[in-house]
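Keep the picture open while you read.

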Amino acid sequence: MNNSTRQKHRLERLALKRENRHSPSEKYPLERSPLYQLGGPRELAAILKLSIQEIEEVSRSPEFHCFDEEPTRPGKAPRHIQDPRGNTQTLHYRFAKFLNRIERPAFLHSATRGRSHISNAAAHTGTDPVICADIEKFYQNTTRAHIKGFLLNDLQWPIDLAALMADALTFEKHLPTGSAVSPVLSYFTHRRMFRDIEEMCVSTGCKLTLFVDDITVSGPRASMALLKRIKHRLLSRGLRAKVGKDKSAPTGSAIVITGAVRARAGLRIRNEHRKAIVELLARYEAGEISLSDQIASRIAAAKSIDRDGAAPLEVRFRRARALVHGATA
């Protein structure tokens with residue numbers, strides 16, 4: 001991809017992000033969504049501000065830039081990214097805009113304004129036992145058939161329109177990993193399953209949270225038996241939990257939940273996160289001043305989890321930066 005093409009794509013994406021940010025923040029039931037009970041391609045085209053021909057072209061041949069994203073931690077495999085381009089990107093962003101206006105349950109912390117991986121972890125502060133599972137290759141295993149079923153049964157579209165849009169929203173018959181629509185559509189596609197899982201948890205006096213593919217449950221009766229029931233419900237949808245990635249913590253124990261450590265007193269920075277910042281600071285102090293922005297970003301992330309825990313790192317960085325600026329003045 002040449003620089004002019006990359007720049008064009010970046011500007012198009014920024015414009016679509018601005019368009020989505022400026023959309024109304026009101027949330028309404030699915031049945032009040034403009035997407036509900038669409039009659040045909042003409043209505044869909046009006047909502048997405050694309051012509052019927054453009055939607056059909058995306059459906060026949062969606063455009064993606066595919067690449068491997070380098071892992072953020074040693075030992076992890078690269079992520080295969082499918083990044084929409086052109087009208088495919090426009091269609092995905094605009095469809096996501098309407099999905100984002102639909103009400104979501106309190107247990108969902110991804111793809112929801114005002115919630116994050118930190119609010120997801122904070123929902124489980126305290127001393128109750130915790131169980132966690134990750135859905136394996138969630139986007140890749142959310143298939144065209146799943147999405148068509150959501151459009152057909154939940155949004156109550158005609159079958160031909162549901163088939164057309166299912167093709168437009170997928171890459172090789174699954175949710176693309178780099179699309180703006182995938183985080184919110186992955187929830188809505190499986191919303192009945194997640195509702196059933198929440199009911200299982202509530203019936204045992206436990207709390208469920210979901211962050212994309214991370215399932216976390218806490219409560220006095222959070223147990224591996226409950227996790228087994230949750231995994232069985234996943235299997236009924238053609239999904240499965242990552243083998244060997246189940247986590248549990250007994251009463252009062254610390255556990256990592258979506259990047260933060262749940263401890264008795266609240267959230268703490270992971271030791272791995274703290275160690276990485278310390279190593280970067282040492283390199284910065286040794287003269288690698290180009291690391292400044294990276295260090296600032298990591299400290300900001302640490303502060304959002306544990307302000308007191310990040311304070312010594314921030315003080316050390318300020319002192320190092322003052323020395324660097326003094327030496328180069």
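## What "buried" means here

Before anything else, one term: a residue counts as buried when its relative accessible area is under 20%, as exposed when that area is over 50%, and as partly exposed in between. Also keep in mind that you're looking at a predicted model.

Now try the idea on a helix. The buried ones in α7 are Leu161, Ala162, Ala163, Leu164, Met165, Ala166 and Ala168. And what covers them? The cover includes α2 (41–48), α3 (52–60), α4 and α6 (144–154).

## The whole chain

Time to zoom out. The chain is built with 13 helices and nine strands. Its radius of gyration is 22 Å, close to the 20 Å that the globule rule gives for 329 residues, so the chain is as compact as a globular protein of that length.

How much of the chain is tucked away? Of the 329 residues, 45% count as buried. The accessible surface comes to about 16,800 Å², and carbon and sulfur atoms own 50% of it. Look at contacts with a separation of 6 or more, and you'll find that 69% of them join residues 24 or more positions apart.

## The nonpolar cores

Next, the inside. The largest nonpolar core has 60 residues, and the members that touch the most others are Phe95, Leu99, Trp157, Met165 and Val217. Our friend α7 gives the most to this core, with six residues. There's another core apart from this one, made of 14 residues, including Leu281, Ile295, Ile299 and Ala302.

## Two loop residues with positive phi

Here are two backbone angles to look up. Alanine 111 has a phi near 50°, which is a positive value in a residue other than glycine. You'll find alanine 111 in the loop between α4 (86–99) and α5 (117–122). With a relative accessible area of 30%, this alanine is partly exposed, because that value falls between the 20% and 50% cut-offs.

Lysine 173 also has a positive phi, near 70°, and it too is a residue other than glycine. Its spot is the loop between α7 (159–168) and α8 (182–189). Is lysine 173 buried or exposed? Its relative accessibility is 56%, so it counts as exposed, the cut-off being over 50%.

Valine 202 sits in helix α9 (residues 191–203). Its relative accessible area is 53%, so this valine is exposed. Count along the sequence and valine 202 is 15 residues from valine 217, while in space the two are 9.9 Å apart, C-alpha to C-alpha. Valine 217 is one of the core members that touch the most others.

Arginine 229 belongs to helix α10 (residues 224–235). This arginine is partly exposed, with a relative accessible area of 42%. Which residues is arginine 229 in contact with, leaving aside neighbours within four places in sequence? They are Met200 and Thr204. Between arginine 229 and serine 248 there are 15 Å from C-alpha to C-alpha, and the pair is 19 residues apart in sequence. Finally, serine 253 lies in the loop between β6 (247–249) and β7 (255–257). It is partly exposed, with a relative accessible area of 25%. Serine 253 and alanine 263 are 10 residues apart in sequence, and their C-alpha atoms are 6.9 Å apart in space.

Methods: Residues numbered from 1 in each chain as written. Predicted model: local features only at pLDDT ≥ 70, side-chain atom pairs only at ≥ 80, totals over all residues. Heavy atoms only, no water. Helix = DSSP H or I, 4+ residues; strand = E, 2+ residues; numbered from the N terminus. Rg over C-alpha atoms; globule rule 2.2 N^0.38 Å. Buried < 20%, exposed > 50% of the residue type's maximum accessible area, 1.4 Å probe, protein only. Contact = heavy atoms within 4.5 Å. Areas by Shrake-Rupley, 256 points an atom, 1.4 Å probe, with all protein chains shown as cover. Core = buried A, V, L, I, M, F, W, Y, C linked by side-chain atoms within 4.5 Å.
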